[in-house]
Amino acid sequence: MTTTVNDRGRNTMAKAESRQALGFVSPALIGLALFTVLPVALSIVMGFYDWPTYGEKKFVGFDNYAKLFTSSPDFWPALRNTAVFTILYVPVSVILSLTLALSLHERIRGRAALRILFFIPVVTPMVANVLVWKMILQPQGMLNGLSMEWFGFQLPNFLADPQWAMVMVVIMSVWQGLGYNMLIFSAALEQLPDSVMEAAKLDGASGLTLLWKVKVPLISPSIFFASVMTLISSLQVFVQPQLLTGGGPGNATQPLVQFIYNQGFKFQDLGLAAAAGWILFAIIIVLTAAQFVAQKKWVHYEH
Amino acid sequence: MKKAHIGFMAVAAVASLALSACGGASTGGGASENSVVIDMWSGSEDDTAALNAQLAIAKEEHPELDITMRTAPWGDYFTKMTTNMASGNMACISGMNSGQLSGYTAGFQALSEADLKTAGLDAADFAPGALEILQNKGEMYGVPFDMSTMLVYYNADQLKAAGAKTPEIGWTFEDFEQTAKAATTKGKMGLGIGMGDFQWQALPISRAGVQPVTEDGTLDLTNPDFVKASEWYGDLVTVQKVAAPVASASDAGWGENQFSSANAAMAVDGTWNAVGYLNNDPGFEAGMAPLPAGKNGSLGLVLGSGFGLAKDCKNKDAALKVLGSLLGQKSQDYIATSGRSYPARLSSQPLYFETIDAKYRNQVKSTFEAAFENVQGQRVSDNWSKVGTFIQPNLVSVYNGQDTMAKVLDSAQQQFAK
């Protein structure tokens, strides 16, 4: 008898407690539902509608998706631009910032100051960054000015040439994002276990062997984290091309997110924009999942 | 249990907060018979003060009406109008701009002669072309309070140093080319090439004597005369080399910036920037002239803003009376004497020039008067803003010689002519 009474008491207690818990989490839940779940669900629905910002909405099934792949003049170029940007940006950014972190890890004078210096572009507003780069790159800017003065050689109009424009967007993005990854790698390097390092050194490991066989495997979780985040952010690139090149010349540097923005907010075709948004989401999920599968081969966790 | 109650109360409190945040006051249409709501954009306290001065005039002229004004910043104004239109909440009197009208005609009442009469307005009182400003496909959706058009601005110091002829009223495209060529010297260019719709299209339209949209609102970018004139415009950069190629598609104000930073001797821009250019930062002597004349004379577009009547307004007669006051002599005189913009009412226009620095007054006056003699209302197709969005980044390719103007215009026509 006593046990059942206790059980019943516990049950009512648990119920009351879970109700209280619900009360406490409900502000967060309401926020999540209102600002995350609802818009996400709405965007799925939108993707199947011809949905202008004002006027009649019409169900069109998969027409928006078909339109993107078959008749939209800018969608394939946007996919290509995003791919080109990602392929160029991710490896360069990760390798460069790792190299920087490794070289600043050695006990050199003023390394704290150097780290801050490399981190400044990350915290500076992008608009200011872009303004400076524009001043450097435009035909009346610094680079061409110096080239004309020293060599009498006219440099290309970097931001208006289809190939150069993309290269410059990548270079500027690498410069801007370098400090962030560097900080992650630096933190990982600071925490290398002394015992392992000492053992490695006693075993005669040094230089490249020490770096390649010991340090890099030890910080591989950080490299994995940095490359996943960098990949996602590069697939979502928007501000740099929007401000630096305006997606141009033509559509030569217009990435997928800018395409989505233009469709939704300049062409008022929210359905098409939502459909393209879900395609981008699918790409990001697949690539991230692939990275998680691949990491089993090269990322070492200490157990 | 008490604790559970607290939990529920928390939920209720949050929910009620969320609800009260959503439920803002919404009064459109005009509830009672003699109440009229005016919606207008306002960018600053100055703007609001000026609007209130006009509101006071309307109230004074119609003491029997209960007139209120709501304002929103320019950017939000049109978003708000979209939602107001969708929910049937449009204010009886709403501000409208010629460049935006094509997207909002559904919400506005087309005005007839009789409507103007009720408002106490006479078409003959307005400057020629002014009533075309808020027209779309032959219907008039509003009456303008100001008007503007495109001019050629020049750097008099730079032209003098280069020994180039100064642009003047009645000049032709030959004169324009001569001046541009002569001014392209010592690292300076003759012209700042345009990127914005109005800025780049002004010269081709004047040269060809046609607009890229037909009278019934059909896109006509491939009109042979317009294509030819546009190619000539692109050639100013690539062939005649009197203008520097644009550095990036994100430089929407390239030509105007080249001019105001004294890198280019001329630029095309609206009358709305006249005072700004006369008082430029580098401190050069600026001047202005109407667009040069082509074979068929000179043709400019007349642009501007005004007030229209909402389609679902319940007390139209009262609203029309307010419209009449807002665009009446007193209100227009106020706009002119405050120097805020060039009024649409003929008799108020001379007052505007009195606000200009005496040194420039005659030049501004004669240029404005000459420029507004050869204007046409701007025609726009249904998706005109998309056309601009598409063309702008492609202009960069044209100016840098990677694409041709004819191809870009053709491609835009294919995409947006539906």
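Modeller: Keep in mind throughout that this is a predicted model. A sheet is read by its strand order and the sense of its pairing, and here 5 strands of chain B form an open sheet in the order E2-E1-E3-E12-E6, with mixed pairing.

Biologist: Which strands are the edge strands of that sheet?
Modeller: They are strand E2 (66–72) and strand E6 (143–144) of chain B, each of which pairs on one side only. E6(B) is joined to E12(B) by 2 bridges, the two strands running antiparallel, and within E12(B) it is Phe307(B) that stands opposite Val143(B).

Biologist: Which helices pack on this sheet, and what does each touch?
Modeller: H3(B) packs on the sheet, where it touches E1, E2 and E3 of chain B, and its direction makes about 115° with that of E2(B). Helix H11 (residues 316–326) of chain B also packs on the sheet, touching E1, E2, E3, E6 and E12 of chain B, with a direction at about 165° to that of E12(B).

Biologist: How many residues of strand E3 of chain B are buried?
Modeller: Strand E3 (residues 93–97) of chain B is mostly covered, with 4 of its 5 residues buried. As a general idea to hold beside that, side chains in a regular strand alternate between the two faces of the sheet. On one side, strand E1 (residues 35–41) of chain B pairs with E3(B) in the parallel sense over 2 bridges, and Asp39(B) stands opposite Ser94(B). E3(B) is also joined by 5 bridges to strand E12 (residues 305–309) of chain B, this time antiparallel, and the bridge partner of Gly95(B) in E12(B) is Phe307(B).

Biologist: Why does Asn84(B) count as buried?
Modeller: Burial is read here from a count of neighbours, and Asn84(B) counts as buried because it has 20 C-beta neighbours inside 10 Å. The residue is found in helix H3 of chain B. Asn84(B) and Gly107(B) are 23 residues apart in sequence, and their C-alpha atoms are 9.2 Å apart in space.

Biologist: What is the strand order in the sheet that contains E7 and E10 of chain B?
Modeller: That open sheet has 4 strands in the order E8-E9-E7-E10 of chain B, again with mixed pairing. Strand E8 (189–192) and strand E10 (286–289) of chain B have a single partner strand each, so one side of each is left without a neighbour in the sheet. Neighbouring strands of this sheet are turned by 25° against each other on average, direction ignored.

Biologist: In which sense do E8(B) and E9 of chain B pair, and which helices lie on the sheet?
Modeller: E8(B) pairs in the parallel sense with strand E9 (residues 264–270) of chain B over 3 bridges, and Gly192(B) stands opposite Ala267(B) in E9(B). Helix H6 (residues 173–183) of chain B packs on the sheet and touches E8 and E9 of chain B, its direction making about 120° with that of E8(B). Helix H14 (residues 358–371) of chain B lies across strand E7 (150–155) and E10 of chain B, and it runs at about 25° to E10(B).

Biologist: How is chain B divided into domains, and how far apart do their centres lie?
Modeller: The domain assignment gives domain 1 (35–147 + 303–369) and domain 2 (150–302 + 383–416) of chain B, and their C-alpha centres lie 29 Å apart. The contact takes 19 residues from domain 1 and 15 residues from domain 2 of chain B. On the domain 1 side, H14(B) gives the most, with 6 residues.

Biologist: How many residues of chain B are in contact with chain A?
Modeller: There are 32 residues of chain B in contact with 33 residues of chain A. On the chain B side, helix H1 (2–22), helix H3 (74–86) and helix H15 (384–399) each supply at least two residues, and H1(B) gives the most, with 9 residues. By class, that side of chain B divides into 17 nonpolar, 12 polar and 3 charged residues.

Biologist: Why can chain B be called as compact as a globular protein of its length?
Modeller: Its radius of gyration is 24 Å, close to the 22 Å that the globule rule gives for 418 residues, so chain B is as compact as a globular protein of that length.

Technical notes. Residues numbered from 1 in each chain as written. Chains lettered and ligands numbered in written order. Predicted model: local features only at pLDDT ≥ 70, side-chain atom pairs only at ≥ 80, totals over all residues. Contact = placed C-beta atoms within 7 Å. Nonpolar A, V, L, I, M, F, W, Y, C, P; charged D, E, K, R; others polar. Pairing = 2+ DSSP bridges. Axes fitted to C-alpha atoms, helices over the stretch in contact; angles between N-to-C directions. Domains from an automatic or database assignment. Rg over C-alpha atoms; globule rule 2.2 N^0.38 Å. Buried ≥ 20, exposed ≤ 12 C-beta atoms within 10 Å, placed from the backbone.
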